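Student: Hey, I've got a structure open and would like to talk it through. Where do we start?

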Amino acid sequence: RLQAEVAQGLQPRVPAPLLGRFAMYAWRNMTPKMREEVLAMRKLHGQPWHSPPHGLEKHWYHISAACYEHQAILGLSPQRMSAFEQELLGVLSSSSEGVSAWCILPNHYHVLLQCINLTALRQALGRLHGRLSRTWNQEDQAVGRICWHRCLVKSIKNDSHRWATLNYIHNNAVHHACAQHWQDWPFSSATVYLGSVGRTFAESMWKQHPVLEIGKGWDEPNL
């Protein structure tokens, strides 16, 4: 039934335990036309890649938030993920100094940004999570369900740490086996980044600033 619904372009009715696996399956098995429609729907509307400034600057953070018990509530469908990406970037554009990288996965997301007022940013994300929890629970007929578990905020230590974090975020879809290459995953800034700096520069930054143990213990590949 799930395959038939995807083939017909319908939003599938997926049992909760299968959401994570299906969200990844759905993108991989879409026809080229269906992928084009999703990509057109989630155009960034003037959201350029925000280059990290040269030299060390303060107030950079790695933000990560996960769905409760890593259920793929966010990844129910590509349409939901696309809509969430736009809403998240909209909130961040008005509550931070700039976003350098982001990646939206079926059950969590990562952002690298610069922010002076971290308290205001936390509050803005809390409001976004609360509002979307109500909307998604109504759509999924799951009123009262807990959608979000936590929001981690990790300070960026230096310039190399910032580039390593950017690499980690752009590689996150590969890390979680959602895609084979950065640019294959539509819900991230990887394609914008590669288009802005070029493959040669991106590969150089990947080698100079390896991700090492970023994510160890809290963003394991099987989560």
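Tutor: Let's begin with a term: buried means under 20% relative accessible area, exposed over 50%, and partly exposed in between, with a 1.4 Å probe and protein chains only. By that rule glutamine 114, at 12% relative accessibility, counts as buried. One caution: this is a predicted model, where local features need pLDDT of at least 70, side-chain atom pairs count only at pLDDT 80 or more, and totals for chains, interfaces and linings use all residues. Residues are numbered from 1 along each chain as its sequence is written, and side-chain values use heavy atoms, with hydrogens and water left out.

Student: Ok, where is glutamine 114 found?

Tutor: Glutamine 114 is found in strand 3. Helices (H or I, at least four residues) and strands (E, at least two) are DSSP runs, numbered from the N terminus.

Student: Back up a bit. How many helices and strands are there in the protein?

Tutor: The protein has nine helices and four strands. From the N terminus on, the order is α-α-α-β-α-β-β-α-β-α-α-α-α.

Student: How much of the protein counts as buried?

Tutor: 48% of its 223 residues. As for contacts (heavy atoms within 4.5 Å), take those with a separation of 6 or more: residues 24 or more positions apart account for 72% of them.

Student: What about histidine 108, buried or exposed?

Tutor: Histidine 108 is buried, with a relative accessible area of 2%. It is found in strand 3, which covers residues 108–114.

Student: Which side chain does histidine 108 make a polar contact with?

Tutor: That of histidine 110, at 3.3 Å. A polar contact is a pair of N or O atoms within 3.5 Å; within protein, one must be able to donate a hydrogen and the other to accept it, and residues adjacent in sequence count only if both atoms are side-chain atoms. Histidine 110 is in strand 3 too and is buried, with a relative accessible area of 0%. Its side chain is also joined to that of asparagine 172 by a polar contact of 3.3 Å.

Student: Switching to helix 4: what should it span?

Tutor: Helix 4 has 18 residues (78–95) and should span 26 Å, which agrees with its end C-alpha atoms being 26 Å apart. The expected span is 1.5 Å times one less than the number of residues.

Student: At what angle do helix 4 and helix 5 pack?

Tutor: Helix 4 and helix 5 (residues 118–139) pack at about 160°, with their axes 10 Å apart. That makes helix 4 roughly antiparallel to helix 5. Angles over 145 degrees count as roughly antiparallel, under 35 as roughly parallel, 65 to 115 as roughly perpendicular and the rest as oblique. Axes are lines fitted to C-alpha atoms, for helices over the stretch in contact, and angles run from 0 to 180 degrees between N-to-C directions.

Student: Which residues meet there?

Tutor: On the helix 4 side they include Phe84, Leu88 and Leu92, and on the helix 5 side Leu121, Leu125 and Trp136. Phe84, Leu88 and Leu92 are also among the buried residues of helix 4.

Student: Last topic: what phi does histidine 59 have?

Tutor: A positive one, about 70°, although histidine 59 is not a glycine. Histidine 59 lies in the loop between helix 3 (32–41) and strand 1 (60–67), and is partly exposed at 34% relative accessible area. Glutamate 69 has a positive phi of about 55° and is not a glycine either; it sits in the loop between strand 1 and helix 4 and is exposed, at 60%.
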